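Thanks for coming. I will go through a few helix contacts and then the confidence scores. Please have a look at the picture before I start.

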Amino acid sequence: MRRLLVPLATGLVALMLGAAILAPWIAPHDPTLTNLSQRLLPPAAGHWLGTDHLGRDLLSRLLWGARASLAAVTAILLMVLTLGCTVGMMAGLLGGVVDAVLMRICDAFMTVPTLVLALFMIGALGTGLTNVVIAIALSHWAWYARLVRGVTLSLRSQDYVTAAQVAGLSRLAIMRRHLLPALAGPLAVLASLDLGHWMLHVAGLSFLGLGLAPPAAEWGIMINDARPFFRTAPMLVVLPGTAILLTVVGFNLLGDALRDRLDPTMPDHVH
Amino acid sequence: MTVLGFALRRLATLLPLLLLVSFGFFAMLRLGRGDPALDYLRLAQIPPTDAALALARQELGLDRTILLQFASWLGGAVQGDLGISWFTHRPVTEEIAHYLPATLQLAGTAMLVTILVGVPLGIWAAMNRDRWPDHLTRVMTFLGVSVPNFWLGFLLVLLFAVTLGWLPAIGRDGLSSILLPALATAAMSASVMLRLVRASVLGVLGEAHLRFARARGLPARTLLGRHIVLNAMVPPLTAIGLHLGELMGGAMVVETVFGWPGLGRYALQAIGNRDYPVLQGFVVVMTAVFVLCNLLVDLIYAWLDPRIRLERAA
């Protein structure tokens, strides 16, 4: 059973990534092209999954939706890693007052429930997918800074790092040669378990109408769009949600597999 | 160390943190984007002439330094005055007090669901390790942590309200109306709780005192009740504080699916309007509720389990 899960997860994520990257070429129709004479069509040859309330091709919208959602999650990942590594390394390497101040700032960010913080950030920055990405990244980076700081501190007292220092390696070289490789494992585990979580946040905030504006294809906003037709055409709500669910399942399974491989001591999927 | 001493120590670290966070929010709103005076005039439907802008800035205190502005906000906040909404022109405190109970009721019910579902099923899974109950709950929890809560809400409405007609689809009217939103909100937390309980029970099952109790010939019921469950519940229940943040955030998203009249809708309105006093009040109140609930959970555990008191004091 366990052996089957990893290929399943890889397949799911590969499918979603493939859809995201190839959407412009494989989507049979323009995802924003409305055609009021073809509203709410059932699945048929021309439209494999049917059409929505504005006559737009559902399959094309789902494919383009993968693009928006995965691009957002990737951007969050990059921001969180950059911010977390920078702050965490600074705190760990410089120590003293810098460390104390940076860690209080981390504490402050960790005091607020993540979604509440994200909602507030969007209020301060304005709506739009970019700001949704920034808001989610800003409400999650502190855990990464903490982790990076911890690894940095524990590394500083290791003999082989002291040896490298004595041998005359510059700070930058030590960071590149010794610190980054030591960080890769723990960061990969933490991040892979968080990807699905971020995906759900992006979908939730888009659903609330805070992300991409309506004509665009994104899974969360598609569900919001389809709400008035929910009883008559439930597939318009069911399919984008299934896409979100499958992507998150894929991310979570991969995360668990990665954790089992790299760090078996971490607790079960907890988020 | 007494529980009271523990509480005071915790408060002494939490209050400065809350102050720092409030200032962070305040600064972010003021420096975030654009000119607050412009937003103020837009919401008041006054044309933004130079004279009007200057007047608005003076009225809102925007011509003072940010520290002074924050100090005057804080002075009001500690007396329960969070300012006046720029959009509705009513006191923010009053409006939040109006919407908050519904959100807390939903989050609280979801917490109850989390415990009532997560704990027994977690014990069940652990007692039947690697048999079908364990496999079944594993699949359930995997779906539970992966499903978008608002979408689960729609599916529940489709099944229980539209198809079966057992429960109402929207509104806030008695016990039957809170069931579906609470289930949708709780799905993730209940799944996490289930896994934590399972792991914890398995841990206790391997401990020596249990082997000893079994060797003494204690009946299975006593073993399960007193030796396994009581001991295994401490770690998962201390994680309750972490669920709270998730549930409060989740409740605000799920609210919109069920037309639940809570803070979510109020916050969305404030985001759309860029209503600064409301945004500030919303985030500070939610953070304070979250921090206080966590403190309460900590205190209950310090009271129940002296090891926690001693450990944290050290």
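Is the crossing of helix 2 of chain A and helix 3 of chain A left-handed or right-handed? It is left-handed. Keep in mind throughout that this is a predicted model.

Let me stay with that pair. Helix 2 of chain A covers residues 58-94, and helix 3 of chain A covers residues 96-111. Their packing angle is about 145°, and the axes are 7 Å apart. On the helix 2 side of chain A, the residues in contact are A:Val87, A:Met90, A:Ala91 and A:Leu94. They meet A:Gly96, A:Val98, A:Asp99, A:Leu102 and A:Met103 of helix 3 of chain A. Sorted by class, this contact of helix 2 with helix 3 of chain A comes to 7 nonpolar residues, 1 polar and 1 charged.

Now the annotation on chain A. An unreviewed UniProt entry places "domain: ABC transmembrane type-1" on residues 66-255 of chain A. In the model, that span is 83% helix and 0% strand.

Over to chain B, and another pair of helices. Helix 5 of chain B, residues 92-127, packs with helix 13 of chain B, residues 276-304. Here the angle is about 45° and the axes are 11 Å apart. That angle is why helix 5 of chain B counts as oblique to helix 13 of chain B. The crossing of these two chain B helices is right-handed. Helix 5 of chain B contributes B:Val92, B:Ile96, B:Leu100, B:Thr103 and B:Leu104 to the contact. From helix 13 of chain B come B:Pro277, B:Val278, B:Gly281, B:Phe282, B:Val285, B:Met286 and B:Val289. The contact of helix 5 with helix 13 of chain B has 10 nonpolar residues, 2 polar and no charged.

Among the elements of chain A, helix 1, residues 2-26, has the lowest mean, 80, and helix 5, residues 129-138, has the highest, 93. Where is confidence lowest in chain B? In helix 14 of chain B, residues 306-313, with a mean of 61. For the complex, the predictor reports an ipTM of 0.88 and a pTM of 0.88.

Conventions:
Residues are numbered from 1 along each chain as its sequence is written. Chains are lettered from A and ligands numbered from 1 in the order in which they are written. This is a predicted model: local features need pLDDT of at least 70, side-chain atom pairs count only at pLDDT 80 or more; totals for chains, interfaces and linings use all residues. Side-chain values use heavy atoms; hydrogens and water are left out. Axes are lines fitted to C-alpha atoms, for helices over the stretch in contact, and angles run from 0 to 180 degrees between N-to-C directions. Helices (H or I, at least four residues) and strands (E, at least two) are DSSP runs, numbered from the N terminus. Angles under 35 degrees count as roughly parallel, over 145 as roughly antiparallel, 65 to 115 as roughly perpendicular and the rest as oblique. A crossing is left-handed if the near helix is turned anticlockwise from the far one by less than a right angle, and right-handed if clockwise. Contact means heavy atoms within 4.5 Å. Ala, Val, Leu, Ile, Met, Phe, Trp, Tyr, Cys and Pro count as nonpolar, Asp, Glu, Lys and Arg as charged, and the others, Gly among them, as polar. pLDDT is the predictor's confidence in each residue, from 0 to 100. UniProt positions are given in the numbering used here, feature names are shortened, and annotations may be inferred rather than shown by experiment.
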